[in-house]
Amino acid sequence: MATTTPDESGAGPHITLPRTTITEQVQGDRSVILTVAGALDWSTTSRLVTAMQKSVNARSVTVDLSGLVWADSALLHALINTQRHLRSHDTPLVLRGPLHPVLARLFDVTGTRSYFVFHDA
């Protein structure tokens with residue numbers, strides 16, 4: 001199922017975004033891998049936040065963004081807040097790519113790329 005949203009002005013043509021999927025894998029060493037695919041916006045990011053914060057006692061949390069084709073600032077907000085939360089519990093957060101060009105631009109334009117640890121798969 002796809003999500004339909006208005007353009008930035010709230011009028012005009014609609015954009016159809018792919019459905020958001022988030023899967024969780026827990027490895028034997030208590031490392032958590034969250035795989036995100038599709039598109040994330042303000043209405044779907046809370047699902048990722050819940051999954052990341054639930055992993056606070058993990059050895060590490062990896063968020064695989066390689067299947068994510070679109071996201072807005074809600075993703076950055078969620079990642080920054082979760083990074084702070086996990087750091088306070090000594091749990092590292094790693095973002096895995098490669099990133100879709102739209103996401104790479106989001107991190108670059110906002111200057112947030114250096115705040116995170118990135119690993120390409």
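Pro-101, Arg-105 and Val-109 are the exposed residues (over 50% relative accessible area) on the face of helix 3 turned away from its buried side. This is a predicted model, where local features need pLDDT of at least 70, side-chain atom pairs count only at pLDDT 80 or more, and totals for chains, interfaces and linings use all residues. Residues are numbered from 1 along each chain as its sequence is written, and side-chain values use heavy atoms, with hydrogens and water left out.

**Helix 3**

Helix 3 spans residues 101-110, and its buried residues are Leu-103, Ala-104, Leu-106 and Phe-107. They lie on the same side of helix 3 because they cover an arc of only 155 degrees around the axis. That arc is taken from the directions from the helix axis to the C-beta atoms. Buried means under 20% relative accessible area, and partly exposed lies between the buried and exposed limits (1.4 Å probe, protein chains only). The buried residues pack against strand 5 (60-71), helix 2 (73-88), strand 6 (93-97) and strand 7 (117-120).

**Whole chain**

The protein chain has three helices and seven strands. Both are DSSP runs numbered from the N terminus: helices are H or I with at least four residues, strands E with at least two. Their order along the sequence is β-β-β-β-α-β-α-β-α-β. Of the 121 residues, 41% are buried. Among contacts (heavy atoms within 4.5 Å) between residues at least 6 apart in sequence, 62% join residues at least 24 apart.

**Aromatic rings**

The structure holds four aromatic pairs. Rings of Phe, Tyr and Trp (its six-membered ring) pair if their centres lie within 6.5 Å; planes under 30 degrees apart count as stacked, over 60 as edge-to-face and the rest as tilted. Two of the pairs are tabulated.

| Pair | Centre distance | Plane angle | Class |
|---|---|---|---|
| Phe-107 and Phe-118 | 5.2 Å | 85 degrees | edge-to-face |
| Tyr-115 and Phe-116 | 5.2 Å | 90 degrees | edge-to-face |

Phe-107 in helix 3 and Phe-118 in strand 7 are eleven residues apart, so their pair links distant parts of the chain. Phe-107 is buried at 0% relative accessible area. Phe-118 is partly exposed at 24%. Tyr-115 is partly exposed at 27%, and Phe-116 is buried at 6%. Ring pairs link Phe-107, Tyr-115, Phe-116 and Phe-118 into a cluster.

The charged end of Arg-87 is over the ring of Tyr-115, 4.9 Å from its centre. The charged end of Arg-113 is over the ring of Phe-118, 5.3 Å from its centre. The criterion is NZ of Lys or CZ of Arg within 6 Å of the ring centre and within 35 degrees of the ring normal.
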